[in-house]
Amino acid sequence: MKPFRILLTVGLALGSVGVALAASEPGVLPLPVASVAVSEATDCLTSSHPAWANARPQALHFQAAPPIYSTDAHNSAEVPDATVQVLQLVDGVRVMRLCWGDATEDRADPPSRYADAGESHVYQEHSERIQAFADAACVMVPVKRGSHARYPSLMMGEKTAPMELYYWRAGEGFRLLQSEGRGTVRDAEATLAGRAVREPGGWCVFFVLPPLPEQTPVALALWDGAKEHRDGRKYFSLWYEVE
Amino acid sequence: MSKHQYAMVMDLNKCIGCHTCTMACKKQWTDRDGTGYMYWNNVETQPGEGYPRRWHELGGGFDTQRHLRPSPLPALEDYGAPFEYDYAQRLFEGRNKPVMPHRPPEYAPNWDEDVGGWDTKNPYYFYLPRICNHCTHPACLEACPRKAIYKRTEDGIVVLDQDRCRGYRYCIKACPYKKIYYNEVTRKSEKCIFCYPRLERGRVNACAAQCPGRIRFVGLLDDPASPVHQIVVKHRVALGLFPEKGTHPNVYYVPPFNPPKEGNASRSILEDPRLPMKYLEFLFGPRVVPVIRFLEGELWRAQSGERSEVLQLLIGRDERVRYGLAPAVVATAAPGSVQEAARDRKQSPDLTLMGTPAKTGAGSASDQQHKAAVGMAYPSVRMASAFGVSEECATLGQHRAGACLGGCSSCGSAPGGLGTGESPEEERTT
């Protein structure tokens, strides 16, 4: 028994050192993933699914993008509280549950139609909320999966590191976008599965993501419509790594 | 840098506020879903709140350090939410309810027509037609992070690429004249395009063509033979609106000074003006007084039997006098290749975090940029597909100039190129 105890102690010590080293490795923010015996992603698009009980919520740290114009007020230090949970299904598909605080529900619903808009009306649909912006969230994943020697640019990637953007906007739904740097975002003409739920004081959005190998960098962004957030005017996170 | 610059002069002494120009533009361009509230051309009574409400107080343009000064976004109520009348219930359904707007109007584009202002004991007003000024230094272009707005190389017309626009509306906040509008249906912004498809075919802007007062002059500012050059550059009797905004507008106004007040026929207008000079200086800058003094002198010369070249020009009897279109000249200046379009296209400088422009860089000539560079920025004038013209041929500028000689191997379309003049079927941009 004595040699076994010695081996056990040494193993535990080495394991602790290993964990300590990993935790202290600069720039690595882990994104824990819970493997669950679920095959249908759409089953998990509700907080009441028991699989979520297995997924450890990870608190996310967001930063507010700096002002664009000299006349813009500097952003306050206030950023929304946010947590994320990630499930890995049997086929490798990931379902991410992203929840954050947002006091107001701001939507980009389809424009209005007059109740009696008949064929004779010149205008069938009308612009109404021309100064409103919507709440939104996005998960940015490099097209090149897996570990990176150097993290790509957080500014929508770069030419040598294109990005896939799993984008949700209140009132519009889920879309897949692509980018390779600032000002290059374009629609990938693909709809995505997902679900967004307005909860008291905030949102919970479920993203269905493709299989992501370990150490794939993932970054997240949130837009608050009440603050006229759009484009780079948003809350953004640093790169997290999928465990 | 644009090789030429189309500009417009409006003689405010001749505008009768009939809004025919507004209707011409509305029927030509903004009769699509989402554009009900838009008036790319509008006529407002000045002094007045304008369209959108108090636009001249909102902000926009540049400060003295050339920093953008974005304004708040106007709401639909500031433009005037469109309303409908239910005629059918009274005419055909026998309900006989009064025909009233379906919602109580609180503001409208011409809400304070003829109200004007008071100068001690006398009321005064005049009509101010406004379109996009197609500025030499557009604030909207600088504000757009997507580089969706650019100035056409061949004629300086500022257009908004519907393929690149994502509806961020920085441009609307930046424009000091509030002449860009957001379309909630397409989720993109749009603006006056100076009727460039008409100009390319040798036809003047719709607003100018329909004006019964003959107030509008159109031509190349850099063409000494054009009426616009003669009014603005040679005789210097037309001024831009709010020059201190820093965008250098290319729509100019002959300031209103005529007629004099009743009983003042023998006096100088400047002694007892019908319109306060202070208000005209507020609108057009300090040069307005010398301009009016000069024009008054020309009036006296004409009234005493002499000939005034500038007044003969401003009378604008027919289209040959008022319009100096040069589609062939502009066509030769159009980008002839994708590479040239990308190089010449005016790129928005990247904004630093605090809004000061950094050095510019050339953009890449993607397929979308290429389409925009040859003037196919607006959904309803995708001329190549609408007229059955090959994209490849259209990019060479032949069909755009209306000068196709036929026999183009790309599409084999007939000479003349640009179709019969019918409006192309619109494509909705999603």
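Is B:R95 buried, partly exposed or exposed? With a relative accessibility of 44%, B:R95 counts as partly exposed (buried means under 20% relative accessible area, exposed over 50%, partly exposed in between, with a 1.4 Å probe and protein chains only).

This is a predicted model, in which local features need pLDDT of at least 70 and side-chain atom pairs count only at pLDDT 80 or more, while totals for chains, interfaces and linings use all residues. Residues are numbered from 1 along each chain as its sequence is written, chains are lettered from A in the order in which they are written, and side-chain values use heavy atoms, without hydrogens and water.

**Salt bridges**

A salt bridge is a side-chain nitrogen of Lys or Arg within 4 Å of a carboxyl oxygen of Asp or Glu. The whole structure has 31 of them over all chains, and four cross the interface of chain B and chain A. Four examples follow.

| Pair | Closest N and O atoms |
|---|---|
| A:E172 and B:R187 | 2.7 Å |
| B:E184 and A:R129 | 2.9 Å |
| A:E180 and A:K159 | 3.6 Å |
| B:R95 and B:D86 | 3.8 Å |

B:D86, the partner of B:R95, is partly exposed at 26% relative accessibility. Shared partners link A:R169, A:E172, A:R175, A:D187 and B:R187 into one network of salt bridges. In the pair of B:E184 and A:R129, B:E184 is buried at 3%, whereas A:R129 is partly exposed at 32%. Within chain A, A:K159 is exposed at 63% and A:E180 partly exposed at 25%.

**The interface**

Contact (heavy atoms within 4.5 Å) involves 45 residues of chain B and 38 residues of chain A. About 3600 Å² is buried between the two chains, 47% of it from carbon and sulfur atoms; buried area is the accessible area (1.4 Å probe) that two parts lose on being put together, summed over both.

**Strand β1 of chain B**

Strands are DSSP runs of E with at least two residues, and helices are runs of H or I with at least four, numbered from the N terminus. Six of the six residues of β1(B), residues 6-11, are buried, so this strand is largely enclosed by the rest of the structure. B:Y6, B:M8 and B:M10 point one way from β1(B), and B:A7, B:V9 and B:D11 the other way.

Two strands pair if DSSP finds at least two bridges between them. β1(B) is antiparallel to β10(B), residues 216-220, over five bridges, with B:Y6 opposite B:L220. β1(B) also runs parallel to β12(B), residues 251-254, with four bridges, and B:M10 faces B:Y253 there.
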